[in-house]
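Trainee: Could we look at a model together, one question at a time?

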Amino acid sequence: MSVRVLQFGTTGQLARELIRQAPAWPVELTALPRAEADLNDAEQVARLVHERRPDLVINAAAYTAVDRAETDIETAFEVNAQSPACMAGMCGAGGPALIHFSTDYVFDGEKGAPYLETDPPEPLGVYGRSKLSGEQMVLASCPRALVLRTSWVVSAHGRNFVTTMLRLAGEGGPIRVVDDQFGRPTSAADLAGFVLSQAESLAAAPAGDPRFGLVHFANAGETTWKRLAEAIFAEALGDAAPPVAAIATADYPTPAQRPARGTLDTGKLESLFGYAPRPWRAALAEIIAELKVTA
Ligand SMILES: NC(=O)c1ccc[n+]([C@@H]2O[C@H](COP(=O)([O-])OP(=O)(O)OC[C@H]3O[C@@H](n4cnc5c(N)ncnc54)[C@H](OP(=O)(O)O)[C@@H]3O)[C@@H](O)[C@H]2O)c1
């Protein structure tokens with residue numbers, strides 16, 4: 001019997017990959033677009049979970065506009081914290097399990113080594129604070145919640161670093177990219193595949209199962225935005241790859257401050273789930289191949 005999954009979000013990078021890959025797994029996935037489930041309305045979100053009575057809720061919607069969040073604080077907290085908390089309140093012992101997502105931006109990036117799940121978070125901006133509040137409220141409200149913290153999500157869809165860099169290359173101007181922020185790129189496709197691979201067993205797992213809680217998920221390998229841009233161009237354009245000039249974060253001021261090194265440690269993912277993330281470069285090659293097919 002397939003697991004009935006209620007997903008929030010249809011248009012984001014992760015949401016699209018979940019929808020695309022779901023047919024390969026024993027899940028019956030219903031994905032709600034913003035028009036039917038606005039996370040700016042936490043009560044509506046709670047009502048939907050209550051009425052639909054799924055086996056598993058996947059929250060693939062989030063307020064991800066990191067810079068806009070600095071001045072749109074109320075919406076960022078409603079979408080990233082209040083609504084996930086309401087979802088979580090409807091999940092748990094007698095209800096569905098919940099999979100929710102958070103970010104490396106809960107850290108200030110000053111640790112000097114990859115972050116463990118047990119490291120104290122210290123967000124630098126509103127987005128990070130709202131996501132931290134969301135993960136804390138979800139875990140406090142639902143004993144059957146898995147919160148996956150991820151980083152630098154990329155895919156062949158929508159606006160993300162890969163598609164933005166390729167657009168800039170097409171425009172032909174000079175390309176200057178920050179080279180002093182470090183992190184682990186993560187393929188939305190890999191994250192979605194992992195989530196779907198766990199859906200059946202997490203939906204049936206009782207509270208207290210060690211797989212519930214906070215777990216880091218990212219592709220293997222640390223890089224900078226500049227080196228990621230170079231890899232994108234090498235993969236997509238080969239000999240025609242444009243040069244990428246290294247700049248410092250200070251040369252590219254943004255409303256929100258980003259962690260200098262928010263690199264996530266994924267040892268817990270590997271030991272708890274037996275899942276070893278593949279190198280980001282291999283995942284990137286697949287994304288570029290997909291973009292070439294659809295171009
Ligand atoms: N992108 C990253 O680099 C990154 C890094 C670390 C963690 N994460 C986390 O990973 C998860 C997935 O991110 P992603 O990259 O897939 O995000 P994304 O591509 O920016 O998509 C966000 C999704 O949330 C939806 N959404 C936003 N506000 C909404 C609202 N009020 N009601 C309903 N839906 C709403 C968007 O719908 P519309 O299309 O209608 O706006 C879109 O479907 C998120 O929890 C994010 O915080 C992402």
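Mentor: Helices (H or I, at least four residues) and strands (E, at least two) are DSSP runs, numbered from the N terminus. This is a predicted model, where local features need pLDDT of at least 70, side-chain atom pairs count only at pLDDT 80 or more, and totals for chains, interfaces and linings use all residues. Residues are numbered from 1 along each chain as its sequence is written, and side-chain values use heavy atoms, with hydrogens and water left out.

Trainee: Which element gives the most residues to the shell around the ligand?

Mentor: Elements giving two or more residues to the shell are α1 (13-21), α4 (126-141) and β4 (97-103). With three residues, the top giver is β4.

Trainee: How far is an oxygen atom of the ligand from an N or O atom in the side chain of T11?

Mentor: A polar contact is a pair of N or O atoms within 3.5 Å. For R34, a polar side-chain atom sits 2.8 Å from a ligand oxygen. A62 uses a backbone N or O atom, at 3.0 Å from a ligand oxygen. For the side chain of T11, the distance is 2.4 Å.

Trainee: Is W152 buried or exposed?

Mentor: Most residues other than glycine have a negative phi. W152, though, has a positive phi near 45 degrees, and its place is the loop between β5 (145-150) and β6 (153-154). Buried means under 20% relative accessible area, exposed over 50%, partly exposed in between (1.4 Å probe, protein chains only). At 8% relative accessibility, W152 is buried.

Conventions:
Polar contact = N/O pair within 3.5 Å; in protein donor to acceptor, adjacent residues only side chain to side chain.
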